[in-house]
Structures are given as C-alpha cells and as structure tokens.
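Hello,

Here is the structure I promised to pass on. Please open it first, then read my notes below.

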Amino acid sequence: MELGSRDGKARGEKARGGGMLHRLLRNEDGALIILSLQVFLVMLITTGIAIDLVRVEERRTLIQNTIDRAVLAAASLTQKRDPTLVVKDYLTKAGLGYIASDSSFTPKVEGSIALGWRRVSVEVDDDMPTIFGPLLGVSSLAATGDTTAMQAVGNVEISLVLDLSGSMTEYVKDNPSCTKNCTSSKTRFQYLQVAAKSFINTVFASSGSGVAAGRTSVSVVPYSTNVYLGSEMQEGYTLSSDFSVTGSSFAMPQCADFVAADYNTMVIDGTGPLTRTMYGSSYKYSDSLSALVSDGSTSNNPGQDWHNCMNTPQNRVIPLSSDPTFLAADKTGFIDKLTAGGWTSIDVGAKWGLALLDPSARDEVAKMTSVSSAFRETKPRPINYDGDTMKVLVLMTDGANTTNFSTLPGYRTGPSGIMSTLGVDSLGSFGPSATTASGIYYYDATRSSTPYYKYETGTWVARSAITQTTQEQQVQTATCTQYKNSWGQWKWNSCSVGTSDCTLISSTTSLKTYTCKKTTTVNVTTEAPLYDVSYDHLYKTKNWNLNTVAGLLGKPYGRSAGTQYELMANAVYDTSVKDARTKKLCDLAKSKGIYIFSVAADAPSGGKTLLKYCSSGTSYYYEVQGSNLSTAFASIAASISSLRLTN
C-alpha cells in the first residue's frame with residue numbers, strides 16, 4: 001500500500017507539473033508589449049526617414065526656387081550688377097549663404113549686355129545631415145538644383161501702318177465712358193500722334209540701355225487714299241515717267257498704282273519702274289456728262305481730298321528707321337509733322353507695310369541712303385523669315401476701306417482720239433456742256449471707211465467728208481483797145497474783163513492798147529486739216545477730270561460717262577474687293593510668321609471685322625475709342641517687348 005501510494009503521489013505531482021507548463025505555454029500575458037516595441041521601432045525609423053525626406057525636399061525646393069529667381073535676375077539685360085554676385089545675394093538672403101560662400105560654387109555666365117544676350121546657369125549640390133538616417137546608416141541626403149535663364153534681345157522689324165484719312169480730324173470724347181455733356185478737346189488724329197510717339201520710343205527702349213545698336217527698325221507707312229512714297233523710298237522704288245506735269249499747276253504724284261494680281265503677294269518688285277499714280281483727280285463723280293456739268297464736277301483740281309495722290313511730302317513713308325528721335329521727338333519729329341485728309345485704303349497701306357518686312361525688299365532697301373548702313377550692309381534688312389528676327393505689322397484705322405483711283409496707262413498723255421479742225425489743241429466751244437460744237441471729231445482707226453465721229457451731227461464720216469470752204473481771188477486778163485471817134489473822143493472797143501482795171505501798153509494817134517484784168521472772189525472747198533488734241537490739253541489746259549474726259553470719249557459709242565470711265569480708270573470703289581485684297585495680304589503675312597497687331601479706333605463694324613480678321617489672334621486685336629489710342633499702342637509695345645525676349 002505504501003509503495004502504491006508513493007507511485008500515485010509521484011504521478012500526481014508529475015501531472016500537476018505538466019499542467020503548469022501547459023498553462024505557461026498557453027499564457028499570452030505581455031506578448032503585446034514585445035510586438036509594440038517592434039512596431040514602434042519600425043515606425044520610428046519610417047517616420048524619421050520621412051521627416052528627413054520632407055526636410056531634404058523642402059531644402060531642394062528652397063534651393064530650386066531661389067536659384068530660379070536668381071538666374072532670371074542675373075540674366076536680365078537691364079541688370080547692371082555682376083551676375084555672379086546677383087546669384088550669391090539671392091542665396092544669402094534666402095538663408096543659403098553657406099552655398100554662396102563655398103569656393104566651389106561658381107555660376108556660369110555667357111554673353112553680355114553689349115552682345116544683346118546673356119545666359120546664366122547654376123548648379124547646386126547640397127548635402128543635408130539627416131536626423132534619423134543614422135539608424136539605417138545614412139548620415140546625409142543630397143539636395144540638388146540646376147537651372148538656366150537666358151535673355152536675348154532679338155532683331156525686330158516693325159511696320160507701323162497709320163490711317164491718316166479725313167475722318168481722323170474728328171474731335172473725340174476726352175473720357176470714353178462719358179455719356180452726357182462730354183468734352184472733346186482733341187481730334188482722333190492728335191491722340192494718334194501721342195500714341196505713335198510713345199509706341200516708337202518704347203519699342204526702341206525695350207532693347208535696354210547699352211544693348212548693341214541695330215536690333216530694332218521701324219518703318220512708318222501713313223496712308224489715306226493712297227501711300228505717298230517720298231524721296232527716301234524712291235531711291236529704291238522708281239516710278240514711271242509716262243507723263244509729265246512740268247510747268248503746270250499740278251504736282252508730280254509720288255504714289256504707285258497696283259492691280260488685282262499685285263495683292264497675291266507681299267512682294268513689290270523694284271527692279272523696274274512702278275506705275276506712277278496719275279496726277280489730278282480720276283474719281284468717278286457721276287455716270288453722265290450732264291450731271292457732271294450740273295454738279296460742277298468737271299474740274300481736274302476740285303480739292304486735295306479728291307486727288308489720286310495727295311501732295312503731302314510730310315506724310316511720306318519712312319523706311320527702316322533706327323532713329324527714335326527723328327521719328328518721335330516732340331514738335332520736331334516726323335510723327336508730329338503728319339497731316340490728315342483723304343479716303344481710306346487699308347489694302348494699299350498694308351501692301352507697303354508688308355513689302356518693307358519681306359526679304360525681297362533687301363535690294364531696294366540697300367539703295368536707300370536714309371536707312372542705317374547696319375541695315376543696308378552689315379546685316380541687310382529685311383532679314384529672312386527663318387532668321388532670328390521678329391517681324392511685326394501694326395495696322396491701324398478709324399474707318400473701313402473706301403476707295404482709291406487713278407488713270408490707266410494709255411489714257412494719260414499723247415493723242416486722246418479727239419481731233420479738231422480749229423488748230424493744234426484748240427476745241428473752240430466744244431466741252432461737256434456743248435458736245436455738238438462744229439469742227440470736232442473723234443478718230444477710231446478700226447473703222448476703215450468712216451473712222452471719224454462728227455460730234456456736231458452724231459454721225460461717223462469718211463475723211464473726205466471733213467472739208468473746209470475758203471474764198472479765193474481769181475484774176476482774169478484780156479487785151480483791150482480804144483479808138484478815136486469822129487469827134488476825136490477815145491472809145492472802148494468790147495472788153496471781156498471790163499475796163500475798170502487796165503494798163504496802157506501801146507498807143508498811136510488812132511488806137512490805144514491796154515492790158516485789162518478783173519478780180520473776183522470765189523468759194524473753194526478742200527479737205528480740212530485735222531489736229532490731234534492731247535490728253536495733256538484736256539487734263540491741264542481745259543482742266544477736265546478723267547470722268548469728264550471719259551464722257552466725251554464715250555459719246556461716239558453711245559456709252560455713258562460712267563461706262564467709259566470703267567475702261568480708262570484704275571479704281572476700286574467696292575469695299576468688299578478692297579477687304580478681300582487686305583485679307584489676302586494678312587493671310588500671306590501670318591503664314592510667314594509675321595505678327596499682326598490691329599487697332600480699330602472708333603471704326604465701323606466693317607473696319608472692325610477686317611482688322612479682327614487680320615490680327616494674329618484675339619489678344620492681338622484692339623478695339624478702342626479714339627482717346628484710348630495710347631493705351632492700345634502701349635499694350636502693343638509691351639507685347640512686342642515680351643515677345644522679343646527669350647527666357
């Protein structure tokens with residue numbers, strides 16, 4: 001029993017020991033602490049690294065932002081300080097002075113103000129000590145940054161095309177927003193002069209002081225009915241000499257005529273003479289001669305506004321000027337000397353403005369002594385489209401296309417076809433109000449048998465029918481005698497010519513012999529001489545305009561003055577035609593990369609629509625009231641300055 005008891009006790013103790021171990025193995029008290037310590041350690045390391053990464057990104061962002069600002073300031077051509085010092089100052093003021101003071105830190109500077117460009121490059125390699133990195137064996141992280149800024153003043157060619165039509169002389173409101181009791185102290189033209197001068201000075205100044213000269217050229221193209229070329233332009237573009245006004249009261253026109261095909265290109269070919277615009281007035285005043293007479297519109301010199309090419313040397317084209325003082329000086333500059341008057345030909349203004357931007361004009365510009373030698377020889381302008389040059393057309397109007405007019409070659413000088421029996425260039429009473437005067441004919445060589453139109457009868461006749469009757473004296477002579485009758489008296493024998501004019505030739509005591517003559521006046525009909533009447537005589541001496549001359553020349557064919565005018569004139573009265581020509585030029589310009597800024601000042605809807613179409617985009621089009629012209633031009637100048645700077 002004792003042995004068994006001991007064995008049972010032993011087994012009981014063993015059983016109790018095994019249960020305790022089992023319970024110990026199954027006991028989870030305190031296990032979370034161990035896991036928490038492990039997780040905490042991981043979180044500590046992860047958070048620490050994140051903090052270090054945030055710190056280094058913040059440092060990198062600070063460095064990048066600082067050097068970005070620094071190089072922009074250092075590369076600016078208006079910056080007079082040493083670019084290296086500018087960069088270091090930016091770093092120091094941003095709390096990064098330790099980078100700036102490092103002897104290995106040296107910004108790279110290329111170019112100069114004098115060269116018209118400058119590039120500044122900066123690279124930064126900064127090691128930032130980590131706080132938690134050592135837990136992983138990383139004692140620092142790199143905060144790097146690099147940047148480059150360049151500012152270059154590119155070449156700029158500008159054509160400033162300004163509307164000087166008569167409507168520009170209208171007074172406009174000083175305050176555009178005024179609706180009642182508004183003041184108007186200036187004309188739209190006066191506002192334009194102020195705006196244009198400011199614009200010119202700004203675009204030249206935008207190069208920056210000290211920048212190499214010859215970067216900017218401005219051509220000024222004033223236009224109204226036509227474009228007056230002037231002496232500077234005519235050194236490169238000659239005008240035809242198919243007529244002359246020497247000794248007359250007319251001035252020799254200095255405008256050029258274009259035809260429809262000329263608007264298919266921006267090029268104006270100066271290798272040969274351009275067709276000179278006819279002098280006087282080729283305007284179409286009326287469709288009938290009677291209306292021309294009743295309206296008093298027969299004169300060839302009714303006023304400046306009706307001239308084909310207004311005689312305004314002060315409004316001439318100034319090609320590729322590099323002298324802002326000449327152009328825009330107060331009171332003495334070119335802009336202040338401009339005058340306004342005439343019709344509106346936006347198409348003609350745009351034609352010349354674009355021609356002076358097109359490289360094809362280089363040969364013509366090379367002959368213009370008024371243009372800087374830098375633009376004629378050193379780097380001839382206009383520069384190619386694929387060069388480093390920005391080309392700008394500024395197109396301004398206060399209206400819409402109206403009309404321009406001239407006389408076609410062949411109807412300017414020489415025989416007009418009108419012929420007179422009265423003498424060289426003499427018409428007697430013949431004229432628009434008396435076209436039936438005798439002795440005046442019109443000759444048409446294509447009519448073989450009856451080539452002469454007789455204004456007096458309105459019929460075509462042969463040359464043989466043009467006769468004249470003159471009186472001639474005919475003398476008849478005869479030998480007559482006298483005899484002495486029984487009373488001693490001398491009596492005449494019969495004498496066929498009478499005895500009123502006799503000369504004694506012999507005498508005897510019974511017979512006298514005489515030579516007697518009788519003079520009679522008879523009418524003799526012969527072919528009348530015809531004299532050519534020149535166009536010069538009609539336009540200058542008679543002072544008839546083209547419309548009137550056309551009425552006289554159209555009469556033999558039953559044509560009205562207007563119908564005949566269309567055959568003799570180079571004129572455009574249809575706004576849609578002129579608009580289409582302008583649009584075609586604008587399309588060509590934009591396809592070549594020319595920037596077109598347009599300004600519609602108090603313009604009607606047609607003018608606004610055209611200028612909006614021509615502009616290079618919405619931001620290039622300005623629709624303003626006259627008194628706000630300066631604002632528009634200032635904005636354009638600022639835009640050009642921004643476009644010309646490469647950053």
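**Notes on the model**

Gly 236 sits in the loop between α6 and α7 (289-294). Helices (H or I, at least four residues) and strands (E, at least two) are DSSP runs, numbered from the N terminus. This is a predicted model: local features need pLDDT of at least 70, side-chain atom pairs count only at pLDDT 80 or more, and totals for chains, interfaces and linings use all residues. Residues are numbered from 1 along each chain as its sequence is written, and side-chain values use heavy atoms, with hydrogens and water left out.

Is Gly 236 buried or exposed? Gly 236 is buried, at a relative accessible area of 3%. Buried means under 20% relative accessible area, exposed over 50%, partly exposed in between (1.4 Å probe, protein chains only). Leaving aside residues up to four places away in sequence, Gly 236 touches Gly 270, Glu 364, Lys 367 and Met 368. Contact means heavy atoms within 4.5 Å.

Next, helix α9 (residues 346-355). It is mostly covered, with 10 of its 10 residues buried. Among them are Lys 351 and Trp 352. The cover includes α6 (230-234) and β9 (389-397).

Now strand β19 (residues 595-601). Here 6 of 7 residues are buried. β9 and β19 run parallel, joined by 6 bridges. Two strands pair if DSSP finds at least two bridges between them. Leu 393 stands opposite Ile 596 in β19.

Best wishes
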